[in-house]
Amino acid sequence: MADEKRLKAKEAKRRNAIDVFKRMDLFLAGYVPEQHQREVAPRLDRLEKVWEIFEIVQDECEELDDAEESVKTNLELRGQVEALYFRVKAGLIAKMPAKPPAPANPGPSSAPVAPSPLANVKLPTISLPEFDGDFNTWLTFHDTFLSMIHSSTEISQVQKFHYLRAALKGEAANAIQSITITANNYAVAWDTLVNRYSNMAILRKKHIRALLKYPKIPHNNVDALHKVVDEFQRHTKVLEQLGEPVAQFCSILIELLED
């Protein structure tokens with residue numbers, strides 16, 4: 001009975017934390033720079049504090065209720081809230097005002113430097129890639145995540161693990177679901193995915209089968225034709241990266257495309 005009361009209290013705290021994340025998500029949806037920009041920094045600070053509370057309370061809920069069905073439900077909830085947290089955090093960071101560059105200290109003989117024409121250009125935010133276990137999209141996800149997150153020296157191993165969890169869906173997410181988020185386990189999770197999806201034989205087979213299963217294109221349907229050609233080029237380029245001699249059976253591939 002005591003454990004049941006404790007569990008209900010922890011679940012109430014957990015709901016409160018999730019409500020904070022949802023309200024911040026709504027804040028971003030209705031964000032107007034002129035009205036809300038000053039709120040971004042304090043909201044980001046609160047987000048981190050509430051996230052720490054959620055993780056502690058979530059761990060306690062999982063310890064108090066270890067029934068098989070509850071374990072599954074808690075894992076799903078943790079994944080959903082993690083994805084919400086990272087989405088909100090990324091949105092708030094993107095709306096933080098840019099810090100002005102430190103003023104230069106030119107010497108007495110220095111001439112004034114003309115501002116760059118690109119100084120005020122705001123580059124678009126690069127979205128975190130997603131991967132659901134489809135072998136056809138693995139190489140794109142692998143290379144993008146590798147350059148954005150995995151190879152970064154400014155992100156901790158635990159943060160990389162959180163980003164990885166947030167990027168995975170479906171079968172791919174299930175592959176590392178049982179791995180606890182710790183600094184040391186990030187490498188274990190990443191290697192698990194690489195070992196499963198970087199199977200060259202399976203990747204070749206998937207892309208070759210994709211080439212052999214193109215649907216018939218209706219006559220005079222230019223959009224459909226362009227789509228098929230784009231997909232055809234994508235698969236052949238991947239096959240080249242995998243070491244397949246695409247140039248040697250180019251005529252066969254063209255015949256397949258014309259059919």
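Which residues are linked with Asp59 in a network of salt bridges? The tour comes back to this after a look at the whole chain.

**Before you start**

This is a predicted model, in which local features need pLDDT of at least 70 and side-chain atom pairs count only at pLDDT 80 or more, while totals for chains, interfaces and linings use all residues. Residues are numbered from 1 along each chain as its sequence is written, and side-chain values use heavy atoms, with hydrogens and water left out.

**The whole chain**

Show the chain as a cartoon. It has ten helices and zero strands; helices (H or I, at least four residues) and strands (E, at least two) are DSSP runs, numbered from the N terminus. Of the 259 residues in the chain, 29% are buried. Buried means under 20% relative accessible area, exposed means over 50%, and partly exposed is in between (1.4 Å probe, protein chains only).

Accessible areas come from the Shrake-Rupley method with a 1.4 Å probe, and for residues only the protein chains shown count as cover. Among contacts (heavy atoms within 4.5 Å) between residues at least 6 apart in sequence, 66% join residues at least 24 apart.

**The network**

Select Asp59, Glu62 and Arg78: these three are linked in a network of salt bridges. A salt bridge is a side-chain nitrogen of Lys or Arg within 4 Å of a carboxyl oxygen of Asp or Glu. Side chains of opposite charge can pair when their charged atoms come close. Asp59 bridges to Arg78, with the closest N and O atoms 2.6 Å apart. This pair links distant parts of the chain, since Asp59 is in helix α2 and Arg78 in helix α3, 19 residues apart. Asp59 is partly exposed at 36% relative accessibility, whereas Arg78 is buried at 12%.

**Two further salt bridges**

The structure holds eight salt bridges. Select Lys10 and Glu60, a bridge whose closest N and O atoms are 3.0 Å apart. Lys10 is in helix α1 (residues 2-29) and Glu60 in helix α2, 50 residues apart. Lys10 is buried, with a relative accessible area of 17%; Glu60 is partly exposed, at 26%.

Next, select Arg43 and Glu39, which meet in a salt bridge (3.1 Å, N to O). Both are in helix α2, four residues apart, so about one helical turn separates them.

**Helix α5**

Select residues 157-167, which make up helix α5. Its buried residues include Phe161, His162 and Leu164. Among the parts covering the buried residues of α5 are α2 (33-64), α3, α4 and α7 (183-197).

Is His162 buried or exposed? It is buried, with a relative accessible area of 7%. Leaving aside neighbours within four places in sequence, His162 is in contact with Trp51, Glu55, Glu82, Phe86 and Ile181.

**A charged patch**

Finish on the surface with Glu130, Asp132, Asp134 and Glu171, which gather in a patch of negative charge. Patches are made of residues with over 30% relative accessible area and no salt bridge: like charges are joined within 9 Å, nonpolar side chains (Val, Leu, Ile, Met, Phe, Trp, Tyr) within 5 Å. Lys and Arg count as positive and Asp and Glu as negative; His and the chain ends are not counted. Glu130 lies in the loop between α3 (68-94) and α4 (135-150), and is exposed, with a relative accessible area of 55%.

Technical notes:
Charge placed at Lys NZ, Arg CZ, Asp CG, Glu CD.
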